[in-house]
Amino acid sequence: MNAAKELILKMADDELVIGHRNSEWTGLGPILEEDIAFSSMAQDKVGHSLALYTILQQQFKTPEPDQMAFHRSEKEFRCCHLVELPIGEYDFSLVRHFLFDHAEAIRYELLSTSSFEPLARLARKVKGELKYHVLHANSWMTRLGHGTEESHARIQLTLNFAMPYALGLFEESNEEVELITENIFPGEKQLREYWEERIREQLEKANLSFPEVKNEAIHIGGRKGYHTEHLHPLLEEMAQVFKLEEGVEW
Amino acid sequence: MKTKTPIVDPRIRRLDIDQSLSFDHLNVMEEWGTFEVFHQKKRGEQHVHAGVVHAPDPEMALVFAKEQYGRRLKCANIWVVKSSDIYSLGYENEDMFETTPEKMYREAGGYKIRDKINQYKKEQKLQQAVV
């Protein structure tokens, strides 16, 4: 059972941190329509994290979701480095959204038949949301890949930069075997395989190439509690209002 | 479980968003056009005009319209139509509609039937009470 707990925790932390990062674009998006769409999706991510922390609380007696989000130290977080990075320019945020959301969508797809019923139920519930997130990401990638010389070059360079981080998403935990044998989740290796297949397919459509990354260049550590220098300030900022007056009713 | 084939309006083009690459390329600094968005609450109901989005092509217009106009209300379907494909009567022709409000006989409410219905309902009730 500890395996399921670890899996849900890293998923929740990924969702919370990328949700918070993407919400930093609210009011600053490149055009109004995109600003609203991107902000909405950021809200969805935070919503997923709430659902996951709630499952943890109900099934594993962890502290309540607000405590999990605002009251843990950096060391206790299990998010991957990809979600921690600052938003950068819009090309980076879009590419991260594309790489992360494909992995997220496939992960939930695989979980929709999980033997761990609360997770399977959530996976089926958010299916439509993720379908939209992936559609949004694909639409942008295709257009920017085929757009101007500049848009193509920027997206390709950003992909090259982001890929070693994106692959860190699939860092394995100590409980992979348990997850697989108990039919909770088919494991990070399997997920990465499916993901690479879809990313390659989309990149080809977008006239972009899949950057080859050496194993030793992949940014791992997040799943074990080792993070980039960007996570700490993000957590501080996120919990600022919460810590002003703890336990206050909104 | 047998899935019901949805009844589709043959006049509407359904964009196969994932497959199509047939968007128009924009030139640098060229502005995006606008698309009118129509929102359908439930299958079978009318699509109702909801507003406008800026977008470079119909697919992106759908992507934006989903969050712009489908994020709060219940939504079954969305249409987008290029604003420039809409034809309109000019306001200089507004006088054609001037006497319309007087033509109460064209509205169901224009017939004085409400009293009769209420009378009938009352009688029914009385009869039931007797039985």
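Leaving aside neighbours within four places in sequence, which residues is Ala166(A) in contact with? The answer is Leu82(A) and Leu99(A), where contact means that the C-beta atoms, placed from the backbone, lie within 7 Å. Here is a friendly tour of the predicted model, in which local features need pLDDT of at least 70, side-chain atom pairs count only at pLDDT 80 or more, and totals for chains, interfaces and linings use all residues. Residues are numbered from 1 along each chain as its sequence is written, while chains are lettered from A and ligands numbered from 1 in the order in which they are written.

**Confidence**
- The model scores ipTM 0.86 and pTM 0.85.
- Chain B averages a pLDDT (the predictor's confidence in each residue, from 0 to 100) of 82, and 79% of its residues score at least 70.
- Within chain B, confidence is highest in β2(B), at 95, and lowest in helix α2 (residues 114-130) of chain B, at a mean of 87.

**Chain B layout**
- Chain B has 2 helices and 3 strands, taken as DSSP runs numbered from the N terminus (helices: H or I, at least four residues; strands: E, at least two).
- From the N terminus on, the order of elements in chain B is β-β-α-β-α.
- Of the 131 residues in chain B, 15% are buried; a residue is buried if 20 or more other C-beta atoms lie within 10 Å of its own, exposed if 12 or fewer, and partly exposed in between, with C-beta atoms placed from the backbone.
- Among contacts in chain B with a separation of 6 or more, 53% join residues 24 or more positions apart.

**Where the chains meet**
- On the chain B side, 16 residues are in contact with 14 residues of chain A.
- The most comes from α1(B), with 7 residues.
- By class, the chain B side holds 9 nonpolar, 2 polar and 5 charged residues; Ala, Val, Leu, Ile, Met, Phe, Trp, Tyr, Cys and Pro count as nonpolar, Asp, Glu, Lys and Arg as charged, and the others, Gly among them, as polar.

**Helix pairs**
- The axes of α7(A) and α1(B) come within 10 Å and cross at roughly 140°; axes are lines fitted to C-alpha atoms, for helices over the stretch in contact, with angles from 0 to 180 degrees between N-to-C directions.
- Tyr132(A), Leu135(A), His136(A) and Ser139(A) of α7(A) make this contact with Glu59(B), Met60(B), Val63(B) and Lys66(B) of α1(B).
- The contact of α5(A) with α7(A) has 9 nonpolar, 3 polar and 3 charged residues.

**Nonpolar cores**
- The largest nonpolar core has 62 residues, and Ala166(A), Leu82(A) and Leu99(A) are among those with the most contacts inside it; such a core is a set of buried Ala, Val, Leu, Ile, Met, Phe, Trp, Tyr and Cys residues joined through C-beta atoms within 7 Å.
- Another core, of 17 residues, lies apart from the largest one and includes Ala37(A), Phe38(A), Ala61(B) and Ala65(B).

**A look at Ser40(A)**
- Ser40(A) is found in helix α2 (residues 32-60) of chain A.
- Because 19 other C-beta atoms lie within 10 Å, Ser40(A) is partly exposed.
- Not counting residues up to four places away in sequence, Ser40(A) touches Glu67(B) and Arg71(B).

Note on methods:
Two residues are in contact if their C-beta atoms, placed from the backbone, lie within 7 Å.
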